[in-house]
Amino acid sequence: MKKCSEIKPHLFGTDGIRGKYGEGLTREMAYRLGRYIGFNQSGKRNYIVIGRDTRFSGSLLLSALVEGITKSGSNVYDLGVTTTPSVSYLINKRKYTYGIMISASHNPYTDNGIKVFSNTGSKISEDLEVEIERYIEKENDDLEIKKFSHAGKLVPSTNVKDEYIDFLKSYLNSDLEGLNLLLDLANGSATAIAPKLFSSLKANVTFFNDKPDGKNINLNAGSTHLEGIISKMKEGHYDLGFAFDGDADRLMCINHNGEIIDGDKILFILAKALKSQNKLSGNAIVVTKMSNIGLLKALDEENIKVIITDVGDKYVQRSLKEHGYILGGEQSGHIIQYDKLETGDGFLTMVALLNEYVRLGNSFDEILKGITIYPQLMLNYRLKNKDSNVLEKEKVILFIKENENLLNGEGRIFVRKSGTEPLIRIMCEAKTLELCEKITKSIYQIIESEE
């Protein structure tokens, strides 16, 4: 049998186990996962904290996880509806053995996911993911079921979230009085945190998409559907807008004119702020292959070094840890401030932006003149077979290479399989949107013809 280190996980993607509830992700899978991480070979109890977003299937997966964990002799601390980064923070602060977040992030409500965190608040290793998968896929459940007297228990812990809110407030060092803010809560996890966070602050805050019903999470809302917040920003008299994704680990910012300040621009703002304060460790930040070429050029102008990783926040986090850097993230708005928290946090990003916005005189206009974003277009091809190897076909490889040569260094093409959905993501950056459209469509067509 191959060692775990020689095998790549297949149930776990870049962000946990994810799939359509009842099909790609079932209660039996959740039960088995709970059984495995709840079992401690030394006979001691594990202490496992669990949070979830607002999907109707979250409580169903929670009950399966709780059953598995407690039958293995460990305790569950239930945070209720909360954000992914709050789970990561509380694991570390309260010294839990593991943490679990039940969420499919920005996906529709029919999907769900299970993210597992280690006792440091970071994603578990690929080796442990493989071990869990082996156990989930075993025909027989061969772990000991503890007797009733030694079974674990469920501990309601919704009030513990207040400690995370206090953590966020500890980094807010600016007076927000008089600011008019608009927050799109995506009908998701942010609804459990935002009202409490702002209840004692002096900003004037308007929330919308703040009434989750189990099915409306991310529905024309949040960081992947910015039309609503852009429209409201243009109609109202707001200084800044913030849009979260379903589990609130990502954030997009909108300025007073309704213009998007995406993850690349956020990284530029925060990197310049840290450098001006001599706090940018290693004078470098970490980005992914999806970051806009305009960001790379702007950072070069500022003499800030860039480390480029594969797509996925876990790769950004891994690189930050390896190099000792403190800032990194993705264009999608997944920003990691590693000196504060080991995972991306939309609320922590919002706090950092608010601090910098006030310091700059309530405007990002001047600082953003230093970055020119190239037109970028993303086209998704839905695979007929999720295990398709179409991107390995010579005809597809050569066709993509020919188009890259046409750009002659003034743009780039990035084609990859999604880590969370049966999609191939086709991205092109070029000097004009028309050229982006032409190239992405032609690559889409060659993939479609070759699959």
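How exposed is K340, by relative accessible area? K340 has a relative accessible area of 23%, so it counts as partly exposed. I will come back to that residue, but let me go through the whole chain before the pairs.

This is a predicted model, so please keep that in mind throughout. The protein has 451 residues, and 55% of them count as buried. Its secondary structure comes to 13 helices and 19 strands. The radius of gyration is 22 Å, and the globule rule gives 22 Å for 451 residues, so the protein is as compact as a globular protein of that length. Along the principal axes, the C-alpha atoms fill a box of roughly 65 × 60 × 40 Å.

On contacts: take those with a separation of 6 or more, and 71% of them are between residues 24 or more positions apart. On surface: the protein exposes about 19700 Å², with carbon and sulfur atoms supplying 48% of that area.

Now charges. There are 58 positive and 61 negative charges, and their mean positions lie 4 Å apart. Side chains of opposite charge can pair when their charged atoms come close. Searching the whole structure gives 30 salt bridges.

D313 and K123 are both buried. They also belong to a network of salt bridges, which links D15, R18, K115, K123, D247, D249 and D313.

Next, R412 and E429. Their side chains meet in a salt bridge at 3.0 Å, N to O. R412 is in strand β18, residues 412-417, and E429 is in strand β19, residues 423-429; the two are 17 residues apart, and the pair links distant parts of the chain. Here too, R412 is buried and E429 is buried.

That brings me back to K340. Its salt-bridge partner is D339, with the closest N and O atoms 3.5 Å apart. What is the relative accessibility of D339? The value is 44%, so D339 counts as partly exposed. For reference, the cut-off for buried is under 20% relative accessible area.

To recap the pairs: D313 and K123 are buried, R412 and E429 are buried, and D339 is partly exposed. That is what I have.

Methods. Residues numbered from 1 in each chain as written. Predicted model: local features only at pLDDT ≥ 70, side-chain atom pairs only at ≥ 80, totals over all residues. Heavy atoms only, no water. Helix = DSSP H or I, 4+ residues; strand = E, 2+ residues; numbered from the N terminus. Rg over C-alpha atoms; globule rule 2.2 N^0.38 Å. Buried < 20%, exposed > 50% of the residue type's maximum accessible area, 1.4 Å probe, protein only. Contact = heavy atoms within 4.5 Å. Areas by Shrake-Rupley, 256 points an atom, 1.4 Å probe, with all protein chains shown as cover. Lys, Arg positive; Asp, Glu negative; His and termini not counted. Charge placed at Lys NZ, Arg CZ, Asp CG, Glu CD. Salt bridge = Lys/Arg side-chain N within 4 Å of Asp/Glu carboxyl O.
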